[in-house]
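My notes follow in the order I made them.

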Amino acid sequence: MTSIGQSNTILSVLQEQHPAIPDGACTMTVLVELPPGDPGTPPHRHTGPVFGYMLEGEMIFELEGEPERVVRAGEAFWEPGGDVIHYQAANNLPDRWSRFVAVMMCVPDQPMLTLVDEAELERRRDRRAPRP
């Protein structure tokens, strides 16, 4: 934690990354709300990096090449975007909503999210980390 100047404001760095940002990127901030037990968006990718912060609840988070993990309220997460598949962002709680804020950097004139079809998932299955 760091104090800012003579104020009582405290700045806490939750994560630090050095991503490649697409030239001319558009930035979008969204609130994502997952109902209890919701599986979230099917496997997809983003054109640019995504930074997120869990406001409440828990999310099962899985990116291509990484094992799935649980992100809890108060924790930050990120994904590099581009060709990396985001397999899951599911609500890990069967009886409560989970909510997070995401800041996405998108390539101009491209959708901020593209679903990945079953054929591509099959072709790239060797890139997915073993699942529990």
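**Entry 1: the pocket**

Before looking for pockets I noted the meaning of the word: a pocket is an open set of grid points with protein on both sides within 12 Å along at least five of seven lines, and a residue lines the pocket if it has an atom within 4 Å of a point. I also kept in mind that this is a predicted model.

Which residues lie nearest the centre of the largest pocket? I found Val32, Thr41, His46, Phe100 and Leu113 there, out of a lining of 17 residues. The elements that give two or more residues to this lining are β3, β8 (76-79), β9 (86-91) and β10 (98-106). I read off a space of about 230 Å³ for the largest pocket.

Then I sorted the lining by class. I got eleven nonpolar residues, five polar ones and one charged one.

**Entry 2: two of the lining residues**

I went back to valine 32, which sits in strand β3. Is valine 32 buried, partly exposed or exposed? I put it down as partly exposed, because its relative accessibility is 24%, and the buried class is for values under 20%.

Next I checked valine 32 against phenylalanine 100. These two are 68 residues apart along the chain, yet 5.4 Å separates their C-alpha atoms. Both are on my list of residues nearest the pocket centre.

**Entry 3: the overall layout**

I stepped back to look at the whole chain. I counted one helix and eleven strands.

For the dimensions, I noted a box of roughly 55 × 40 × 25 Å along the principal axes, filled by the C-alpha atoms. Of the 132 residues, 35% are buried.

**Entry 4: a buried phenylalanine**

I picked phenylalanine 61 in strand β6. Phenylalanine 61 counts as buried because its relative accessibility is 1%.

**Entry 5: salt bridges**

How many salt bridges does the whole structure have? My search came back with 13. I followed a few of them by hand.

I started with arginine 45 and aspartate 83, whose side chains meet in a salt bridge at 3.5 Å, N to O. Arginine 45 lies in strand β4 (residues 44-45) and aspartate 83 in the loop between β8 and β9, so this pair ties together parts that are 38 residues apart in sequence. Arginine 45 is buried because its relative accessible area is 15%. Aspartate 83, at 44% relative accessibility, counts as partly exposed.

Aspartate 83 turned up again with arginine 127, in a salt bridge whose closest N and O atoms are 3.8 Å apart. This pair also links distant parts of the chain: arginine 127 is in the segment after α1 and aspartate 83 in the loop between β8 and β9, 44 residues apart. Arginine 127 is partly exposed, at 41% relative accessibility.

I then looked at arginine 124 and glutamate 64, with 2.6 Å between the closest N and O atoms of their salt bridge. Arginine 124 lies in the segment after α1 (118-123) and glutamate 64 in the loop between β6 (58-63) and β7 (69-72), so the pair ties together parts 60 residues apart in sequence. Arginine 124 and glutamate 64 are both buried.

Which residues make up the network that these pairs belong to? I wrote down Arg45, Glu64, Asp83, Glu120, Arg124 and Arg127, linked by salt bridges.

**Entry 6: at the surface**

I finished with the outside. Leu14, Leu31, Tyr53 and Leu55 make a nonpolar surface patch of about 370 Å². Leucine 14 is in the loop between β2 (10-11) and β3 (26-34). I call leucine 14 exposed because its relative accessible area is 52%, and exposed means over 50%.

I found aspartate 109 in the loop between β10 and β11 (114-115). At 85% relative accessibility, aspartate 109 counts as exposed.

How values were computed. Residues numbered from 1 in each chain as written. Predicted model: local features only at pLDDT ≥ 70, side-chain atom pairs only at ≥ 80, totals over all residues. Heavy atoms only, no water. Patch = residues over 30% accessible without salt bridge, like charges linked within 9 Å, V, L, I, M, F, W, Y side chains within 5 Å. Areas by Shrake-Rupley, 256 points an atom, 1.4 Å probe, with all protein chains shown as cover. Salt bridge = Lys/Arg side-chain N within 4 Å of Asp/Glu carboxyl O. Helix = DSSP H or I, 4+ residues; strand = E, 2+ residues; numbered from the N terminus. Buried < 20%, exposed > 50% of the residue type's maximum accessible area, 1.4 Å probe, protein only. 1 Å grid on protein atoms, 1.4 Å probe; cavity = no way out; pocket = protein on both sides within 12 Å on 5 of 7 lines; lining within 4 Å. Points joined across faces, edges and corners; volume = space filled by probe spheres on them. Nonpolar A, V, L, I, M, F, W, Y, C, P; charged D, E, K, R; others polar.
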